[in-house]
Amino acid sequence: MSVVWGFSAFRERGKCGMLALPRKPRPPMRIATWNVNSLKQRIDSLVAWLAERQPDIVCLQETKCVDDAFPRAQLEGLGYNLAIHGQKTYNGVAILSKSRFDEVTPGLPGDDSDDHARFIEASISTKQGSLRVASIYLPNGNPVASEKYPYKLRWMDRLSHYVDDRLKFEEQFVLAGDFNVIPAPADVYNPPAWIDDALFRPQTREKFRALTNLGLTDAVRAISDAPGLYTFWDYQAGAWQRNKGLRIDHVLLSPQAADRLVSAGIDKHVRGWEKPSDHVPVYVDLDVAPA
C-alpha cells in the first residue's frame, strides 16, 4: 500500500445551502524519484510502476549503465523523453519526461575533475512558467574514516552553491533523488545506531539543513510529520520484514514549486515486489500544467 498525503479540498455551498463538492480539478503534474539500483535488473518493475503511478516526470538514480545501454525503446514507447547521464557499473542518473526538454545539463558544477555520473538537470515549459528538475545521487560517504566522507561533504557544498544560484531565477525548481542523508531522528528506525554513519552524522545533517535553509521545502515533511515514513530498507538482516527503514530519498521544492504542492506520497509497496530495489519511489503532485 502506498503512503500518500494531500491538502484537503474546501467544499463549496450550493444554491440551497447544501455543501456541494467542487468541480473535479485538472490533474496535477506528478514528479517522482526512484533509486532503481540497476536499471537492467529493474526495468520490468520500472515499467510496471510507471503504468501504475503514471508520473509526468521521473528522476532515476543508480541506473548503473552507460548511455548506449539505456533501454530507450521501452521507455520512449511509453511516451517519455529521456535525459541520461550514465556510467558503467556505478552511479548513473536520468530524467524521464512526458514533456519535451528545453534544456539538459549533466554534471554538478564546481569540480571539473569529478567524473561521477551523479547529477543531471533539465527544464521544461509549463503554463505557469519554466520548470527545472534535477536528479541527484548524493555520495554515500561510508566508511567515514576514508576519503569518501570528505568527498560527500564537498559534494554537498557544491550542491548548495548550485541551489543558491538556481533559486535566484525564482522559477519552479524541483531537486529530487537519493540524498543519502537521514535528516532527523524521526527518519530512521533506530537513531542511536546510526549516529556515526555518514548518512546521519551531525555534520551531514547540518549541511542538509543548510541546503534546505536556502529556501527549499522538503515535500514529504510539508505534508506529514508522521514517524516511520521510510524510503529505503537494506537487503540484509530482514530489514524490510522488520520495517527497519530510513528516509533518504527526498523531493525538495523551491518556493515557487512549494506554492503549487498538492500532495506527496511514498510507494512503499514496491519494496515487496519481486527482485526489488532497496529504495522505493517518492512522488509529489504539483498544480502545474504542461505548456
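Biologist: What covers the buried residues of α1?

Modeller: In this predicted model, the cover of the buried residues of α1 includes β4 (29–35), β5 (57–61), α2 (72–76), β7 (93–97) and β17 (282–286). The buried residues themselves are Leu39, Arg42, Ile43, Ser45, Leu46, Trp49, Leu50 and Arg53.

Biologist: How many Å does helix α1 span between its end C-alpha atoms?

Modeller: The idea is to set the span against that of a straight helix, counted at 1.5 Å a residue. For 15 residues that would be 21 Å, but α1 (residues 39–53) spans only 18 Å. The helix also has a kink of about 35°, centred on serine 45, and serine 45 is one of the buried residues of α1. After α1 comes glutamine 54, with a positive phi near 55°.

Biologist: Next, β4. Is each of its residues buried or exposed?

Modeller: A residue is called buried when its relative accessible area is under 20%. In β4, seven of the seven residues are buried, so the strand is largely enclosed by the rest of the structure. Met29, Ile31, Thr33 and Asn35 point one way, while Arg30, Ala32 and Trp34 point the other way.

Biologist: In which sense does β4 pair with β17, and how does it run with β5?

Modeller: With β17 the pairing is antiparallel, over five bridges; arginine 30 stands opposite aspartate 285 there. β4 and β5 run parallel and are joined by five bridges. Threonine 33 has cysteine 59 of β5 as its bridge partner.

Biologist: Now the rings. How many aromatic pairs does the structure hold?

Modeller: Rings are paired by the distance between their centres, and planes over 60 degrees apart count as edge-to-face. The structure holds seven aromatic pairs. Among them is tyrosine 162 with phenylalanine 173, 5.9 Å centre to centre with 70° between the planes, hence edge-to-face. This pair links distant parts of the chain, 11 residues apart: tyrosine 162 is in helix α3 (residues 148–167) and phenylalanine 173 in strand β11 (residues 172–178). Tyrosine 162 counts as buried because its relative accessibility is 6%, and phenylalanine 173 is buried at 0%.

Another edge-to-face pair is phenylalanine 179 with phenylalanine 208, at 5.8 Å and 90°. Phenylalanine 179 lies in the loop between β11 and α4 (202–212), and phenylalanine 208 in helix α4, 29 residues apart. Both are buried.

Biologist: Which residues do ring pairs link into a cluster?

Modeller: Phe119, Tyr162 and Phe173.

Biologist: And which residue lies over the face of phenylalanine 200?

Modeller: That is arginine 205, at 4.0 Å from the ring centre.

Technical notes:
Residues numbered from 1 in each chain as written. Predicted model: local features only at pLDDT ≥ 70, side-chain atom pairs only at ≥ 80, totals over all residues. Heavy atoms only, no water. Phe/Tyr/Trp six-rings, centres within 6.5 Å; stacked < 30°, edge-to-face > 60°. Helix = DSSP H or I, 4+ residues; strand = E, 2+ residues; numbered from the N terminus. Buried < 20%, exposed > 50% of the residue type's maximum accessible area, 1.4 Å probe, protein only. Lys NZ or Arg CZ within 6 Å of the ring centre and 35° of its normal. Expected span 1.5 Å × (residues − 1). Bend = angle between axes of the 7 residues up to and from the residue. Contact = heavy atoms within 4.5 Å. Pairing = 2+ DSSP bridges.
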